[in-house]
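Me: I would like to learn how to read helix packing and charged pairs in a model. Where do we start?

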Amino acid sequence: METQSAWQTAAILVARLIFAAVFAMAVTFKFMDMGATAGYIAAAGFPFPLFLAWCAAILEVLLVIAFLTGAFFTPAALVAAVYVIFLGFSFHGPSHWTGNQAEFGFFVDHFTFLAGLFFAAVHGPGKLLAVRQGWPGRA
């Protein structure tokens, strides 16, 4: 088994905290004004916006827990990756670029986040502060 240096351990823990913080901020905004989130979802053309807003909030809470604890880390990182790309295309995709060029930057940002999530999914939650639950052979 390969050993993990102190800087690798620190980098992995900081990365997990960043992932958790991003989703924690997102869910906090949803809980502060679920109606506004539902309005944003409705404006993108999705049906049942309040239901979808609550589904998103629940998913984001579960992702925060997974990133903080390391439990089900790899599947959580993969689910987060799919979610992030879905959000990128749905709310910042090509149909939004003509109205606001900043939307292209928001869209591209989703891919940098996606890369980090894929890297995390491959390498796991690290050896420290990680509950060992998840897919066989990988936490």
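Reply: Start with handedness: a crossing is right-handed if the near helix is turned clockwise from the far one by less than a right angle, and left-handed if anticlockwise. In this model, which is predicted, H2 passes H3 in a right-handed crossing.

Me: How are two packed helices described?

Reply: By the angle between their axes and the distance between the axes. Here the axes of helix H2 (residues 34-43) and helix H3 (residues 49-69) cross at roughly 115° and come within 8 Å. H2 is therefore roughly perpendicular to H3, because angles of 65 to 115 degrees are classed that way.

Me: Which residues in H2 and H3 meet?

Reply: From H2 there are Met34, Thr37, Ala38, Ile41 and Ala42; they meet Pro49, Leu50, Leu52, Ala53, Trp54 and Ala57 in H3. Sorted by class, this contact of H2 with H3 has 10 nonpolar residues, 1 polar and no charged ones.

Me: Now the charged pairs. How many salt bridges does the count come to?

Reply: The rule asks for a side-chain nitrogen of Lys or Arg within 4 Å of a carboxyl oxygen of Asp or Glu. By this rule, the count is 1 salt bridge. Its partners are the side chains of Lys30 and Glu60, with an N to O distance of 3.0 Å. This pair links distant parts of the chain, 30 residues apart: Lys30 lies in helix H1 (residues 6-32) and Glu60 in helix H3.

Me: Are Lys30 and Glu60 buried or exposed?

Reply: Buried means under 20% relative accessible area. Lys30 has 12%, so Lys30 is buried. Glu60 has 1%, so Glu60 is buried.

Note on methods: Residues numbered from 1 in each chain as written. Predicted model: local features only at pLDDT ≥ 70, side-chain atom pairs only at ≥ 80, totals over all residues. Heavy atoms only, no water. Axes fitted to C-alpha atoms, helices over the stretch in contact; angles between N-to-C directions. Helix = DSSP H or I, 4+ residues; strand = E, 2+ residues; numbered from the N terminus. Parallel < 35°, antiparallel > 145°, perpendicular 65-115°, else oblique. Contact = heavy atoms within 4.5 Å. Nonpolar A, V, L, I, M, F, W, Y, C, P; charged D, E, K, R; others polar. Buried < 20%, exposed > 50% of the residue type's maximum accessible area, 1.4 Å probe, protein only.
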